[in-house]
Amino acid sequence: MPELLDRQILFIGGKGGVGKTTTASALGLLSAQQGQRCLLVSTDPAHSLGDIFTTRIGNREKQLTQGLWGLEIDPDTAADQHIKTVKDNMRSLVHPSLFSEIDRQMNLARLAPGTVESAMLERMCELMIKAPQRFDRIIFDTAPTGHTLRLLSLPEMIAAWTDSLLRQRQRSGQFGEILNRLKSNRKSGDSDDLSYFSSNRTNDNSRNGRIRDILERRSHTYRKARRILLNADQCAFIFVLTAEKLPILETGKSLKTLEQYKVPVQAMIINRILPATNDTNDEFLNRRRHQQAKYLADIDHNFRTLTRYRINLLDRDVYGVKTLQLIAGQLQETFQ
């Protein structure tokens, strides 16, 4: 399976309900069967990875089969840890009298739109950078397409935001000089919040240096993850869809967006294809097959530049390793 498994990092995405978790799990099994260490990561808040493997996974790596580990990122836990880290950093930089205000502001920030996505992104970036040191392949089973696209675009936006903060910190150096002059004009016995921030030049420079270090480390992390994401030799996006109108339309829009961000797209997997049969007396099935044939032709035409794989609809629910191996077998055999 060189076409599907020749990248170290794979993102499996598509419209909700098309079978992303099934596909990601099957690809994970294929990687493990080839003797590779594979980490299967679920970023969808409505985790179903543990359900499909009939086990409890959670927010820590758990071995699922020989060579395959699973991880379900908990967005709330990631957000709580993210907020705690920010609180700890800020407490080290301000007067103790401001600690309660920091807690109040950060507790409000925890509820703000984008906080959970930012925390999720930070966890994903960490995995993209560090997990390849321990695993041969990392497969991300992503949330529905819209959520995934926001995650993919955030590194660039946050890196730009961080760079802006760094520039602001440089400009604030002049203001710090003014504070030091003001402080020098105060009586030696005076002590207040202003005196804490400008107690002496060495402390001020040290504080500014720590702020710069924090922001620069964050910027470096996002930029490194961004480079990995755009490296077609290392990372790729695989779409999953069904032969139906709405998944086709959403996939087309998503593909244009990924191309805009220059994210490499490797292949497309068409899921739940009705199997061929000699029975032509069932009017319902005939209509469905006719519609399917039309949409398959549309897929072949609209996405002709992508490698396309097909997975037949099974006669049973997809859960458990044995059933997933049936899907993996189809992926090996059905190349178009």
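**Labels and their cut-offs**

Tutor: Glu101 has a relative accessibility of 32% and counts as partly exposed. The model is predicted: local features need pLDDT of at least 70, side-chain atom pairs count only at pLDDT 80 or more, and totals for chains, interfaces and linings use all residues. Residues are numbered from 1 along each chain as its sequence is written, and side-chain values use heavy atoms, with hydrogens and water left out.

Student: Why is Glu101 called partly exposed?

Tutor: Buried means under 20% relative accessible area, exposed means over 50%, and partly exposed lies in between (1.4 Å probe, protein chains only). Glu101 is at 32%, so Glu101 is partly exposed.

Student: What makes Glu101 and Arg104 a salt bridge?

Tutor: A salt bridge needs a side-chain nitrogen of Lys or Arg within 4 Å of a carboxyl oxygen of Asp or Glu. For Glu101 and Arg104 the N to O distance is 2.9 Å, so the pair qualifies.

Student: How far apart are Glu101 and Arg104 in helix H4?

Tutor: They are three residues apart in helix H4 (residues 99–110), so about one helical turn separates them. Helices (H or I, at least four residues) are DSSP runs, numbered from the N terminus.

Student: Is Arg308 buried or exposed?

Tutor: Arg308 has 10% relative accessibility, which is under 20%, so Arg308 is buried. Arg308 also forms a salt bridge with Asp300, with the closest N and O atoms 2.9 Å apart. Salt bridges with shared partners join Asp300, Arg308 and Arg310 into one network.

Technical notes: Helices (H or I, at least four residues) and strands (E, at least two) are DSSP runs, numbered from the N terminus.
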